Amino acid sequence: MNVFITRKIPEAGLQLLREASIQITEWTEKRDLTAAELVERCQDHQALLSAGHNKIGAEFLEACAHLKVVSLHSVGYDNVDVAAATRLKIPIGNTPGVLSGATADTAFLLMAAVARKALYMHKKILRGGWGFSDPTADLGVDLNGKTLGIWGLGKIGYEMARRAQAVYGMRIVYHNRGHNEEAERNLGAVRVSFDELLAQSDVLSVHTSLTPETAGTFNARTFRRMKPTAIFINTARGGIHHEPDLIAALQQGMLWGAGLDVTNPEPMAADSPLLSMENVAVLPHIGSATQETRSAMAILAARNVIAGLRGERLPTVVNPEVYT
């Protein structure tokens, strides 16, 4: 049994694979594999553990239909043609749950940083701008008692809401297809329509998956329906917002600020106007980047590989239809 891994992953996952007598081939170059290289590397392997932004499309899956499992070192799977994988009977595994707290911490960090213009003020010191103290300059906004809107109140959204309420006493509203009874019971969260979410939120935090239905949802038309005092936070996927429209909304005062851990495109260009705006905080997709969380992700990804190679059901399978 063997597996090809597209990135260096934490040792905890590798150790688990070794203990299961699985041979490991790890891509160690500091660049993404090309589509052709990924197909070539997988020809001699029974499993793929994909970390990073590798496109696992129909063309790849058909060329590697011999794979017994594709295990993702991520919770998101928008880079995978799940329908094609299911048709070819290839189970796809991901890593839900283990990164909820770390990603929620990142969303909370961005919210606080935007509210107090923290990143911009730090850069101001580096430019030598810490001089005369003006009581009316560079003012942020308070978050105490404000309304936090969550689009996609799952595990990560719940953790974000819990933190915001515990620290700032924020009122929680959310928009989901169904009710999150735990959030309603424990946090007093109120399920609202999408229009109401836009109208009520002082901070709107995105925690939904990127799908054809959610792609580009936050655009010029959406931003115009939000409060001009609102802060937009996205730690989910950059494709959910339209970046030129976000830039225009901030420049025109349709929004007060924005915090992004994901961008569109990604990586972001170094000359993006967002990086020089005082009311914006941008991070380079570090939502799950803690030692503990990345190790937990590697372990779960390894468990999916082991189960797939043994012909067992994956612990966390994206397409359970392969087993019916």
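Author: Let us begin with contacts, meaning heavy atoms within 4.5 Å. Among contacts in the chain between residues at least 6 apart in sequence, 63% join residues at least 24 apart. This is a predicted model, in which local features need pLDDT of at least 70 and side-chain atom pairs count only at pLDDT 80 or more, whereas totals for chains, interfaces and linings use all residues. Residues are numbered from 1 along each chain as its sequence is written, and side-chain values use heavy atoms, with hydrogens and water left out.

Reader: What radius of gyration does the chain have, and what would a compact globule have?

Author: The radius is taken over C-alpha atoms, and the globule rule is 2.2 Å times the number of residues to the power 0.38. For 324 residues that rule gives a value near 20 Å, and the chain agrees, with 21 Å. The C-alpha trace spans about 65 × 45 × 35 Å along its principal axes.

Reader: In what order do the five strands of the open sheet stand?

Author: Strands of a sheet pair through backbone hydrogen bonds, either parallel or antiparallel. Two strands count as paired if DSSP finds at least two bridges between them. Here the order is S2-S1-S3-S4-S5, with parallel pairing. Strand S2 (23-26) and strand S5 (92-93) are the edge strands, each pairing on one side only. Helix H1 (residues 11-19) packs on this sheet and touches strand S1 (2-5) and S2; its direction makes about 145 degrees with that of S2. For such angles, axes are lines fitted to C-alpha atoms, for helices over the stretch in contact, and the angle runs from 0 to 180 degrees between N-to-C directions.

Reader: Which residues cover the two faces of S1?

Author: Asn2 and Phe4 lie on one side and Val3 and Ile5 on the other, and all are buried. S1 is joined to S2 by four bridges, and Phe4 stands opposite Thr25 in S2.

Reader: In what order do the seven strands of the other open sheet stand?

Author: The order is S8-S7-S6-S9-S10-S11-S12, again with parallel pairing. Its edge strands are S8 (190-191) and S12 (280-282). Strand S9 (residues 203-206) pairs with strand S10 (residues 231-234) over four bridges, and Val203 has Ile231 as its bridge partner in S10.

Reader: Is Asn54 buried or exposed?

Author: Asn54 is buried, because its relative accessible area is 4%. It is found in the loop between strand S3 (47-50) and helix H3 (58-63). Its side chain makes a polar contact with the side chain of Ser50 at 3.0 Å. A polar contact is a pair of N or O atoms within 3.5 Å; within protein, one must be able to donate a hydrogen and the other to accept it, and residues adjacent in sequence count only if both atoms are side-chain atoms. Leaving aside neighbours within four places in sequence, Asn54 is in contact with Thr6, Leu33, Leu38 and Asn79.

Notes:
Buried means under 20% relative accessible area, exposed over 50%, partly exposed in between (1.4 Å probe, protein chains only).
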